[in-house]
Amino acid sequence: MSEPKPVIQKVRGMQDFLPNDSEFVSAIEANARKTFSFYDFKEIRIPVLESSSLFKRAIGETTDIVEKEMFSLTDRGERELCMRPEGTAGVVRSYIENNLGVPQNQKQFDKLFYVGPMFRAERPQAGRYREFNQIGAEYFGDASPSADVEVIKLALSILGRNRIEKPVLKLNSIGCSNCRPGFQKKLIEYLNQKSGDLCKDCQRRMAKNPLRVLDCKTDAGALNDAPKSIDNLCAECRRHHQEVEGELRWARIEPTIDHRLVRGLDYYNRTVFEFYAPNKSGSQDALGAGGRYDYLVEMLGGRATPAVGFAIGLERVMNLMKEMGREPESMEVKRIGTYVAWLGLDTRKPAFQLVEKLRDAGIPSTMSLDEKKLDAQMKAAGRRGMRYCVIIGEDEIKKNKLNLKDLRSGAQMEISDNNLIDHIRSADEQPA
Ligand code: HAM
């Protein structure tokens with residue numbers, strides 16, 4: 001026997017989704033896709049690998065993501081590439097490259113969504129991974145406050161469909177290229193007075209990216225009376241912000257204005273927002289986030305096009321749902337999963353046929369492919385998380401009846417083949 005080979009482990013911060021979690025996230029995704037279709041958003045699939053320059057230009061050279069967190073590589077042609085840390089920049093690149101914004105295409109491709117893995121070399125911890133999945137949406141060509149509200153409603157609807165009702169919506173406006181410089185000036189003056197109280201990171205940030213200092217969790221205490229962007233908006237930005245707030249209230253969504261919300265990506269202007277789990281608004285872990293980015297299309301070489309979007313962290317949604325003991329809607333079909341147990345070789349074929357019939361009726365079903373004792377089959381049904389076990393024996397075939405066991409309640413009954421599907425389905429309508 002040769003020496004056992006060393007085991008190769010996954011790269012730090014990357015993720016294996018084993019079948020249970022895989023099914024869980026697929027169900028969350030399925031609910032999101034359904035919601036996107038109600039809002040008339042269409043899917044775009046963009047590459048994982050892009051030119052590093054795309055993110056440097058879009059997200060900003062002095063952001064944490066670009067400075068410290070990019071998974072970069074140089075290919076054989078000495079091109080600098082990186083694994084996408086987020087989806088917006090790639091969608092905008094594709095929007096420009098494929099002429100999606102030209103008048104004849106605009107209405108067809110103005111609302112796009114994506115689902116997929118993103119990569120950031122952050123320090124792995126609970127809820128923070130180096131490989132994580134985002135469900136994102138980008139809405140192009142509409143500068144109105146209603147567009148901001150539309151995407152916020154869409155994000156809330158995706159969370160709601162996944163049973164995260166009433167998350168906290170933090171909202172702020174960081175102004176535009178007219179009013180932001182004035183605000184930044186005031187902020188720098190304030191920060192200069194406070195510089196002794198600020199952490200090392202912020203002292204460095206102060207010069208390069210003063211807005212980001214507001215976001216610092218360590219320095220929160222020292223920044224209590226920092227100037228607020230909202231008090232320094234130009235008339236147009238102020239009106240925009242007020243209308244966003246007003247329309248959210250029409251939709252019965254109560255935002256929490258957070259003056260320190262500035263976001264970690266530089267492409268935003270005006271509206272920025274983040275979603276938090278109810279009762280966890282102080283947490284660092286947003287379930288999702290987004291905002292308006294009216295300059296990005298132009299910055300990446302396209303025609304000036306206003307845009308707004310968001311991304312939700314799939315793992316964070318899953319973790320929270322598990323914490324709350326909830327399952328995504330579409331997984332519940334498993335609640336009526338039915339195992340078909342068969343006894344004696346003559347019943348193998350009818351069992352096969354019954355499994356097919358159940359599957360065709362939308363009821364998850366399976367059976368043992370080789371002959372096994374009833375006990376072993378019942379145990380397998382339990383381990384697979386099935387709700388029911390149908391037993392087909394020679395007796396049942398003679399009587400033209402099936403034996404149905406509810407594995408949750410233990411109740412057993414005889415039922416005719418014709419009534420089986422309706423009976424199982426009716427269980428799905430009862431509360432879990
Ligand atoms: P972001 O705030 O960087 O925004 O990320 C959005 C969401 O992705 C976060 O709220 C969080 O749920 C999830 N997320 C981010 N980093 C991690 C991580 N390391 N591990 C687990 N989950 C994470 C954006 O990415 C923007 N592109 C959103 C956007 C779209 N803005 C406009 N359009």
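Reader: Why is Gln 377 called buried?

Author: This is a predicted model, and every value here is computed from it. Gln 377 has a relative accessible area of 0%. Buried means under 20%. The value is under that cut-off, so Gln 377 is buried.

Reader: Where does Gln 377 lie, and what does its side chain reach?

Author: Gln 377 lies in helix H14, residues 374-383. A polar atom of its side chain is 3.0 Å from the backbone oxygen of Lys 372.

Reader: How do you know whether Ser 52 is buried or exposed?

Author: Its relative accessibility is 2%. Buried means under 20%, so Ser 52 counts as buried. Ser 52 has its place in helix H2, residues 52-59. A polar atom of its side chain lies 3.2 Å from the backbone oxygen of Leu 81.

Reader: What makes Ala 155 count as buried?

Author: Its relative accessible area is 0%. The cut-off is under 20%, so Ala 155 is buried. Ala 155 is found in helix H6, residues 145-161.

Reader: How far is Ala 155 from Ala 311 in sequence and in space?

Author: In sequence, they are 156 residues apart. In space, the C-alpha to C-alpha distance is 8.1 Å.

Reader: Why is Asn 99 called partly exposed?

Author: Its relative accessibility is 44%. Buried is under 20% and exposed is over 50%. The value falls in between, so Asn 99 is partly exposed. Asn 99 sits in the loop between helix H4 (88-97) and helix H5 (103-106).

Reader: Why is Asn 400 called exposed?

Author: Asn 400 has a relative accessible area of 58%. Exposed means over 50%, so Asn 400 is exposed. Its place is the loop between helix H15 (394-399) and strand E15 (401-406).

Reader: What is the phi of Asn 99, and what is the phi of Asn 400?

Author: Asn 99 has a positive phi of about 55°. Asn 400 has a positive phi of about 60°. Most residues other than glycine have a negative phi.

Reader: Now the ligand. Which residues come nearest to the ligand?

Author: There are 27 residues around the ligand, and Glu 86, Arg 120, Glu 122, Glu 138 and Tyr 268 come nearest.

Reader: How much of the ligand does the protein cover?

Author: On its own, the ligand has 660 Å² of accessible area, and the protein covers 96% of that. The shell has 12 nonpolar, eight polar and seven charged residues.

Reader: Which residues line the second largest pocket closest to its centre?

Author: That pocket holds about 270 Å³ of space. Of its 17 lining residues, Arg 180, Gln 184, Leu 211, Asp 266 and Tyr 268 are the closest to its centre. Helix H7 (180-194) and helix H9 (210-213) each supply at least two residues of the lining.

Key: Residues numbered from 1 in each chain as written. Predicted model: local features only at pLDDT ≥ 70, side-chain atom pairs only at ≥ 80, totals over all residues. Heavy atoms only, no water. Near = heavy atom within 4 Å. Areas by Shrake-Rupley, 256 points an atom, 1.4 Å probe, with all protein chains shown as cover. Nonpolar A, V, L, I, M, F, W, Y, C, P; charged D, E, K, R; others polar. 1 Å grid on protein atoms, 1.4 Å probe; cavity = no way out; pocket = protein on both sides within 12 Å on 5 of 7 lines; lining within 4 Å. Points joined across faces, edges and corners; volume = space filled by probe spheres on them. Helix = DSSP H or I, 4+ residues; strand = E, 2+ residues; numbered from the N terminus. Buried < 20%, exposed > 50% of the residue type's maximum accessible area, 1.4 Å probe, protein only. Polar contact = N/O pair within 3.5 Å; in protein donor to acceptor, adjacent residues only side chain to side chain.
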